[in-house]
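Hi everyone, thanks for making time this morning. I'd like to walk you through one structure, so let me put it up on the screen.

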Amino acid sequence: MTMKMKHLTSLALAAGLMFMISCKSKPKDADIKAAVVAALQSSPGVSADVKDGVVTLTGAVANEADKDAAENTAKVTAGVKSVVDNITVTPPPPPPPAAPVATADDALKTSVADIVKDFPGITADVKDGVITITGEAKADRWKKLKMALDALKPKKVDASGLKVK
Amino acid sequence: MALQDKYKELIDAAKSSGTTNLQVAEQDGVLHIDGEAPSGAVKDQLWDIYGKIDPNFLAGDVVMNINVATAVAGAKLTVTTDSTNLNIRKGPGTDQPIVGKAAHNEVVSLISKQSDQWWLIRTDGGAEGYAYAQYLTPVE
């Protein structure tokens, strides 16, 4: 009798286990979706839909790494059979080019004086980031000077008072 | 945008010649062109085009700062003064004591760039110090 009871108990347990396993292998799509959505908290912009255990991911992310991360997150979520990754990668627009930064007058004055001293016949003045050149110079010398002055990042090089020989 | 039209040939040449970090911006009636040319020849070519559009660079509507990409640490530089020696100084500035000289057309090594104007160099004779970058041209 005891043997029979034991047999019955183990049978019942086995049946119960079978039931649980079969239940576990077929979770509801809604439950999977909830789990995937929860797991995707770290991937904003990505949404998930589940049909027969197959997760379809949609949305837009900034880079390929985020896309892969979201796909992997969905893959390892319990109950997910496979993942269809329809996420698009849209990189953020590049930042607008920064406005040219003009060198401050004091630093500019020193640098301009250093350069102009090698160009006899030319005088330079600095005001509000603008270098004003006066005097006389040969064309090739002036070109050299202009190249050096432009490298100082002034706002402007005003050579209207320069006579090029 | 009018200035970008006037200097279109220059901007196009900069783009097509492989000039990197190219920035073209108009501010207060002046077109600022910044970038790094792949060689000294490209830099010269861009300045020639600039000089063709604005003869003798007198219009004052462009500030063009083109560096040469080959001027990196370890590069060889030729001293391109007009004829005189180039002063090598203890620090970056003409108020700094002179610690050596490099002859006209001498080839020196670039150690580092303190700024766009002052580069730390070493001569084959062992003199080391700062020199004005304007007179140093990368060997190509």
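Let's start with A:Ala139: is this residue buried, partly exposed or exposed? In this predicted model, A:Ala139 counts as partly exposed, because its relative accessibility is 29%, and the buried class stops under 20% while the exposed class begins over 50%. You'll find A:Ala139 in helix H5 of chain A, which covers residues 139-150.

What does A:Ala139 touch, if we skip residues up to four places away in sequence? There are partners from both chains here: A:Val164 and A:Lys165 on one side of the list, and B:Asn56 on the other. Take A:Lys165: it sits 26 residues from A:Ala139 in sequence, yet the C-alpha atoms of the two are 6.2 Å apart in space.

Now let's stay with H5(A) and look across to chain B. Two packed helices are described by the angle between their axes and the distance between the axes. For H5(A) and helix H3 of chain B, residues 40-53, the angle is about 110 degrees and the axes are 12 Å apart. H5(A) is therefore roughly perpendicular to H3(B), since that label covers angles from 65 to 115 degrees.

Which residues meet there? From H5(A) we have A:Lys143, A:Lys146, A:Met147 and A:Asp150, and from H3(B) we have B:Lys43, B:Trp47, B:Asp48 and B:Tyr50. Sorted by kind, the residues of this contact come out as five charged, three nonpolar and no polar.

B:Gln117 counts as buried, because its relative accessibility is 15% and the cut-off for buried is under 20%. Leaving out neighbours within four places in sequence, B:Gln117 contacts A:Ala151 and A:Leu152 in chain A, along with B:Ala131, B:Tyr132 and B:Ala133 in chain B.

To finish, chain B as a whole. Chain B has three helices and 10 strands, and reading from the N terminus the order is α-α-β-β-α-β-β-β-β-β-β-β-β. Of the 140 residues in chain B, 45% are buried. Its accessible surface is about 6500 Å², with 49% of that belonging to carbon and sulfur atoms. And if you take contacts in chain B between residues at least 6 apart in sequence, 55% of them join residues at least 24 apart.

That's my tour, and I'm happy to go back to any of these spots.

Key: Residues numbered from 1 in each chain as written. Chains lettered and ligands numbered in written order. Predicted model: local features only at pLDDT ≥ 70, side-chain atom pairs only at ≥ 80, totals over all residues. Heavy atoms only, no water. Buried < 20%, exposed > 50% of the residue type's maximum accessible area, 1.4 Å probe, protein only. Contact = heavy atoms within 4.5 Å. Helix = DSSP H or I, 4+ residues; strand = E, 2+ residues; numbered from the N terminus. Axes fitted to C-alpha atoms, helices over the stretch in contact; angles between N-to-C directions. Parallel < 35°, antiparallel > 145°, perpendicular 65-115°, else oblique. Nonpolar A, V, L, I, M, F, W, Y, C, P; charged D, E, K, R; others polar. Areas by Shrake-Rupley, 256 points an atom, 1.4 Å probe, with all protein chains shown as cover.
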